[in-house]
Protein chains: 4
Amino acid sequence: MPSEFRLVRTVEFSETDMAGIMHFSNFFRWMEACEAGFYRSLDLPLISFVPGNVVGWPRVSASCSYKQPLRFNDTVEVRLLIKELRTRAVVFLFQFRKMDAAGQVRPAVVAQGEIAAVCVTADAAGKMVAQPIPAAVRAKLEPAPASAYTA
Amino acid sequence: MPSEFRLVRTVEFSETDMAGIMHFSNFFRWMEACEAGFYRSLDLPLISFVPGNVVGWPRVSASCSYKQPLRFNDTVEVRLLIKELRTRAVVFLFQFRKMDAAGQVRPAVVAQGEIAAVCVTADAAGKMVAQPIPAAVRAKLEPAPASAYTA
Amino acid sequence: MPSEFRLVRTVEFSETDMAGIMHFSNFFRWMEACEAGFYRSLDLPLISFVPGNVVGWPRVSASCSYKQPLRFNDTVEVRLLIKELRTRAVVFLFQFRKMDAAGQVRPAVVAQGEIAAVCVTADAAGKMVAQPIPAAVRAKLEPAPASAYTA
Amino acid sequence: MPSEFRLVRTVEFSETDMAGIMHFSNFFRWMEACEAGFYRSLDLPLISFVPGNVVGWPRVSASCSYKQPLRFNDTVEVRLLIKELRTRAVVFLFQFRKMDAAGQVRPAVVAQGEIAAVCVTADAAGKMVAQPIPAAVRAKLEPAPASAYTA
């Protein structure tokens, strides 16, 4: 049962701003891209409109703290960790670390974020309602030990 | 019958890039925002999922030529002109002009773009198919005379 | 001395995602746009590269909690409140509320966010360093009473 | 001397819109990402602020035609071809093709775009001015034969 996932990604020109660094809002897009890669790796949908089996993960909250800026062409590892698994929700923690020219991940965390997402499905009227995380999904998720992301 | 529309908008920090200017992709988002304002002003939907009356305007092509850069906090008029009205499609032309501190539009066109959009609806199976522009929509649209945007 | 600011804005098509709602990352772009409007209203720069007077406000942290989704063409008031004023940093709180067709702000807060930004300038070598908020800037800022944004 | 480059990329959730497809403006961001990858592969900068050797490639024009939509999680090959090499400018052509589950590129071009970019440097006053493409850059670029992208 996986409790983490890693995405490697390079800062694009369109993601920078006039201060010469990656715009702070793009860290949230990167977190979601990492989450989507995690679900793909488990053969689970981030979103599905299949009738009778609609599933989505709308965000309840999102946050990020920024330690060092990222610049154009920086290659970065985004590491996802499952911080908390609730009946109807999951909390992901994300750590951003730069990679050096040899492809090694540097130890410093340049940014750290969280996304809390609630599992929803469609009721008979098509309205989105929170649901317990389906057993088939839950079976593939496991919280990471705190030691994985502290100290 | 209107043949044009004007949107005033200020360049945001998140729309700039590390070259210190508005990223070229954002001009396309502004064109679409102007188009959406135009449809709103006519009480017409840019997109509607109402069953039996689904309508959308997927893009067939889009282009922009850039004469002068836009910078953070520049206030700009985007002027939409209907360039061409076909059976199933409409071609919009957009002119970008900076405004001065007094709110007057400067004559120089800093960028000029086009969007060609085809009118679609949903067939019985829910698939998007091109349709003739509905009469109620067409009745509100009129091509601008070429003199409005040349010379 | 102002302690708050209000921005009115309409959700754009390009800001929606395939779930049919405004993408959660765009709330952060809206917060920053509101902040920029606030600084403009005070005739203060959000960012300035004027030699000898470089100023910027890089983000230290950002967060948002989402109560209700926003949809295409929703018109929304973003209300900025100064939550905290530190020697070198400011913390803004943002409340998102939908407006009705008559232009009245509805009471429900659909999203609430925070941005903490640190004041920086350039040292002799051109490197960004935190600085105390300049007196001329501080003179224009005042924390909002907690009563302004609670209960 | 390379005349083409290929980038493989997967559509992200944040790149979709409420019509359920990749927003048309994002094709331009992908073209630029492909261009940046091309320059990286040649060890050439897309943008450089090194004093005495400032180089940039502001866009003169950009266009795209859309044949088929792209959807969340579609994996796509973006193929860059040098269409034209002028004294001070380069014109890139980009073809988008979906990849199948086995990683094979499908023959159909789902979108095709162009970017014309002019080579600039900074004059003594720091102002951007067009310059002939430096010999060291030009030596690494070669127009693709038309047969590479037609028929």
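Modeller: A term to begin with: a salt bridge is a side-chain nitrogen of Lys or Arg within 4 Å of a carboxyl oxygen of Asp or Glu. By that rule, A:Glu4, A:Arg6, A:Glu77 and A:Arg79 are linked in a network of salt bridges. Keep in mind that this is a predicted model, where local features need pLDDT of at least 70 and side-chain atom pairs count only at pLDDT 80 or more, while totals for chains, interfaces and linings use all residues. Side-chain values use heavy atoms, without hydrogens and water, residues are numbered from 1 along each chain as its sequence is written, and chains are lettered from A and ligands numbered from 1 in the order in which they are written.

Colleague: How many salt bridges does the structure hold over all chains?

Modeller: 44. One of them pairs the side chains of C:Arg9 and B:Glu12, at 2.5 Å, N to O.

Colleague: Why does that pair join two chains?

Modeller: Because C:Arg9 lies in strand β1 (residues 4-10) of chain C, while B:Glu12 sits in the loop between β1 (4-10) and α1 (26-41) of chain B. Helices (H or I, at least four residues) and strands (E, at least two) are DSSP runs, numbered from the N terminus.

Colleague: Are C:Arg9 and B:Glu12 buried or exposed?

Modeller: Both are buried. Buried is under 20% relative accessible area, exposed over 50%, partly exposed in between (1.4 Å probe, protein chains only).

Colleague: What about D:Glu77 and D:Arg6?

Modeller: Their side chains meet in a salt bridge too, at 2.9 Å, N to O. D:Glu77 is in β3 (75-85) of chain D and D:Arg6 in β1 (4-10) of chain D, so the pair ties together parts 71 residues apart in sequence. D:Glu77 is buried, at 6% relative accessible area. D:Arg6 is partly exposed, at 44%.

Colleague: Switching topic. How many residues of chain A are in contact with chain C?

Modeller: 19, against 19 residues of chain C. Contact means heavy atoms within 4.5 Å.

Colleague: And how many salt bridges across that interface?

Modeller: The rule finds 0 between chain A and chain C. The elements giving two or more residues to chain A's side are α1 (26-41) and β2 (59-66) of chain A. β2(A) gives the largest share, 8 residues.

Colleague: What does β2(A) pair with?

Modeller: Strand β2 (residues 59-66) of chain C, antiparallel, through 5 bridges. Strands pair if DSSP finds at least two bridges between them. In β2(C), C:Cys64 is the bridge partner of A:Ala62.
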